[in-house]
Amino acid sequence: MFVPRQVQHHTAGHPSALPRSKASRTTPPARASALQQQAATAQSSTTTPKSDIDPVNAKDIVLSLEQLLGSFNSHTPWLEERRRTVDGCNDYIHLAALMECPFFHDTKPVLSQITLRRALAAAPSERLQVSADGYHIRYTGNRSQLFDERTVYIEPSSVGLTTHPGKVARLLAATLPSEFLPVRYVNAGGRAWGFVTLSADVTEEHTDPETGIWPENWIVMTKAEWLRRDNHYRAHREAVQKARQAAQLEERMSRMEIDSTKHRTPSPSPPQPHDYDPGLIVHLTNLHSGINKPTISSFIDRSVDRYLRRLSKSKSKSAESLNSNPPEKKKTMVYIDYAKGATEAWVRQTTREDSELIVKALEKRRRRMTDNEDRKGVKVKKEEGEVYVKGVVLQGEEEGRYWKKVREAMGRKGKKGKGDANGGNMSSSRKEEEKRAKRPRQSSGMGGEDLVIKKGRFEEYGR
Amino acid sequence: MATYGNYQGYQGSAARHAHSGSPHGAHIIDPRLMELVACVPGLFSEKRVLDVGCNHGGVAVDIGLHFNAESVLGIDLDPTLIQHAKSHLSFQYSRLPPSDTAGATTTTTTTPTTESVRSANYFPISSILTHGHIPYPAATTPPTFPRNVTFSTSDAITFFHLPSPTNPDAMDLDTPSPHQRKKQSQPRETEQPRENEFDTILLLSVLKWLHLHHGDAILPAFFSALHTALRPQGRVVLELHPWESYEKAAKKVPGLRGRVGEIQVRGGENVVRVAGECGFEVVAEVEEKRDGKGRVRRRGMVVLGKR
């Protein structure tokens, strides 16, 4: 059977079959020396020349290995599961396991066992011990903890550098004073930024670019300073968003005020009996500021759906429910009225029962919308208070006022050609359906634009 | 395939020179801009700038943020790149410290300093990518950063209303997907430039693609259109591809293979000669840089002015 060489490399001596292999676990020290001799003779005849790897690349790879094995980092538990007993020591790791480690996932070109062996041969490390067979390595020194005081945030001069921890360590070794070396660990946060843990505490004075101890055009700050700026950014963003929402709301209210003044008749007639079906509007509050129609719709649908499901489960358990009908599934919402950035919305249903069902479901589930969970919602604990999405069925004057605004708004929109033949607005679901129907088919290959544009992806590129 | 040089993640010849292939970080100003300002002081300060073929908008945003430009318009024919450019603008605005995000530009000097660049990159990239961008401030008059920088999807031929290209099929080398076709059929976001609208027009590594697709005939028409759109004291910056780059592009793009042989105006000096015939003169020049093996590490640039 033909097996590509690349696959052969990956599968040869593959260590990911856990637990440890019998052979490696039971190698007695007496036999180890014999194996060592065998390996030495085999190596002398089969190894490829050291010069086949660029010495700089070799150094980078070895520095990466030292970081990975010489510190207690996020990959340590992963590595612990793959340790083997070789040459009498139980902390060796096979090169194939290292290749698979997520630490090297972004490393290019992709590592192979041959590359690792060549690198270890071309740039021997004082802290890494290679086994007799040449396929296992262990760290000989004391593993270091990653202290925050010794960690700095970096934005290197070129993008993608942080995905090569060895290269970062080599560049830093060229400029930093010896007290900070060796570089203990590089944690690539993204392609353009990361955290570097050094061997000594780093202060604000050290991070000043005027000191000249950092590579040119790097942005460096202590972890404390980074945390301060990160908190500052969050607070600043929140303040700007709130101010923006308030301004938008104010603008919307003033617009509505002006519109209602324009449409006011000189002699207001006494309030008419209801010219609308009461109890169809649910006023939602405590919504997430980044809402839109799909998120509101999904959130409510999900809430009602789960509520009904639970209700039917509990009823089916009880004896009375045998004769009762299952609760009717909620109808589709007719209209969602919201403003971008606002935390409230109005939802119109076809029947009063649907409105009440929504209110009950929201009250029962007590979930709030968050940045990432604006459709699903997050359960609110009791101690957090009433921060969950609440719904109230509009009644009385409040309801009358709302309907009046709706009619005025519908009248305006009608002139622009929006709304259906009956003067009502097209339901959001119908709009969605139409939109979907008109949408051209996305190409299946790389040409689909939606595949290319991803928020936040570009930021990574070029920074 | 990027048949018009609309490469994703293209950094220009500057990146190759400074960072041996890797794209430089967003906090580093494009070195070409610094060289240009050293040659022609005040090239961007309080000027209306047009960046033709702006790609991902790095240069346009740098000019709007660091060089105190009155306004910058970046155009590119690739809608994906324009999306990237808009995103980059928003990203760069989000990096400013709060005092600068109230709708004021960070620099009022003609050339950015180390200090001004450092302060413009106050917030860490990690925060912006984790928490999201900062919304833009309300519009001000005159517009300040980021509202002084705008991007538009438009190709140079349409933007300058140039006469029909010699080969009408030239625009169809990239067979667009139905979605892209729909986008292309939408009306352009910008109108034809008015007379004397711009103070500085940048054509950084753009002319080759126009030249290859539309032949020699496009050059005089294009330079005449630039002449009309430029103010009397205005400047046009040309970053020119060497001839071997034309040949390389023709090898890569099958549709261009036949056309490269038809081109008679070869080499930067001949292109500048055509510009001279259209009423331009050379104001300044930035030399091309080659490495020991004779490869171009930095393309040469020519600054043209109205005669």
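How many bridges join β3(A) to strand β4 (residues 136-139) of chain A? I found 3 bridges, and the two strands run antiparallel; here strands are DSSP runs of E with at least two residues, and helices DSSP runs of H or I with at least four, numbered from the N terminus, while two strands pair if DSSP finds at least two bridges between them.

I noted that this is a predicted model, in which local features need pLDDT of at least 70, side-chain atom pairs count only at pLDDT 80 or more, and totals for chains, interfaces and linings use all residues. Residues are numbered from 1 along each chain as its sequence is written, chains are lettered from A and ligands numbered from 1 in the order in which they are written, and side-chain values use heavy atoms, without hydrogens and water.

I looked up one bridge and saw that Gln129(A) has Arg138(A) as its partner in β4(A). The open sheet has 4 strands in the order β1-β2-β4-β3 (chain A), paired antiparallel, and its edge strands are β1 (83-86) and β3 (128-130) of chain A.

I then turned to another open sheet of 4 antiparallel strands, ordered β10-β11-β9-β14 (chain A). β10 (335-338) and β14 (390-393) of chain A each have a single partner strand, so one side of each is left without a neighbour in the sheet.
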